[in-house]
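Hi,

Here is the structure for you to look through. My notes follow below it.

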Amino acid sequence: MKRNVEIQTFNDSEITVPEGVTHNLFPTPVKLFELAEPALNAELGAFFTSHPCFSETDQAQMADVTTLMEYAEDVPALARLEQLFLAGLESYCRDIGWQGEFDLDMQMFPNVSPGGHYVPSHNHVSHISAVYYVHTEPSARPLLVSDESVSDYWRPDEGALILHDPRFNASLMGGWHQHAKVFPRPGVMIFFPSFLWHEVTPHQAKEPRLSVAANFSLTYRDVPTYERRHRFSC
Ligand SMILES: [Fe+2]
């Protein structure tokens, strides 16, 4: 077929593109607080190491179907920790732009981890999650390491909270995969989106590592009238 368009010639050596704009979309806000709460840590530490329920063999499996607040009458530090979590949540919500009146469902559950114990990769069924560290082994590593290469991902660091790249199917090969490691100290409180997959590597200390996790689910109170709320079961 005869072409009406004149055939162009292109000079490959002169190929350039204009200066583009890279938008780093979909950031994942992770917030760290470093609190000085030695008295709270001492009381919680004594509670975790003395109460028989934390030495039962299934305590790790059962931890997230309990609430620590049932012990708050006997352990006042739990009520203080709840208030610290709520203050941290307010700060975190301000950062991420969640504003308004909410009904809040909050659960606090224990993590009593003896030497060798690890927590497989998981995320949480809520909107926002937090962890407060009561007792950890001292670490020479920085509190947060977020610039490691992919090869460092495989190094078996002790007692690290590994935060995984939340981008679905982010590949371990190539430039997409990121990870971060937190080496927590007592008094550290971390907030992150509950969808963020994370795991905890084993430590080898004689004393158990102690922390308290919290899950927060927020429901807007000012639901528009066209969104009718139902009680539903199936
Ligand atoms: Fe977790």
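Isoleucine 162 sits opposite lysine 181 of β7. The strands here are β6 (residues 161-164) and β7 (residues 179-182). They run antiparallel, and four bridges join them. Please keep in mind that this is a predicted model.

Both strands belong to an open sheet of five strands. Its order is β3-β9-β6-β7-β5, and the pairing is antiparallel. Which strands form the edges? They are β3 (119-122) and β5 (144-145), each of which pairs on one side only.

Next, the core. The largest nonpolar core has 35 residues. Leu81, Ala130, Tyr132 and Ile190 have the most contacts inside it. Several elements each supply at least two of its residues, including α1 (38-50), β2 (102-113), β4 (128-135), β8 (188-193) and β10 (209-220). Strands β6 and β7 are also among them. The largest share comes from α3, with seven residues. Helix α3 spans 76-96.

Take leucine 81 in more detail. Leaving aside neighbours within four places in sequence, leucine 81 is in contact with Leu40, Tyr132 and Val212.

Lysine 31 is another one to look at. It lies in strand β1 (residues 31-34). Is lysine 31 buried or partly exposed? Lysine 31 counts as partly exposed because it has 16 C-beta neighbours inside 10 Å; a buried residue would need 20 or more. Not counting residues up to four places away in sequence, lysine 31 touches Tyr92, Asp95 and Phe191. From lysine 31 to arginine 80 is 49 residues in sequence and 20 Å in space, C-alpha to C-alpha.

Best wishes

Methods. Residues numbered from 1 in each chain as written. Predicted model: local features only at pLDDT ≥ 70, side-chain atom pairs only at ≥ 80, totals over all residues. Pairing = 2+ DSSP bridges. Core = buried A, V, L, I, M, F, W, Y, C linked by C-beta atoms within 7 Å. Buried ≥ 20, exposed ≤ 12 C-beta atoms within 10 Å, placed from the backbone. Contact = placed C-beta atoms within 7 Å.
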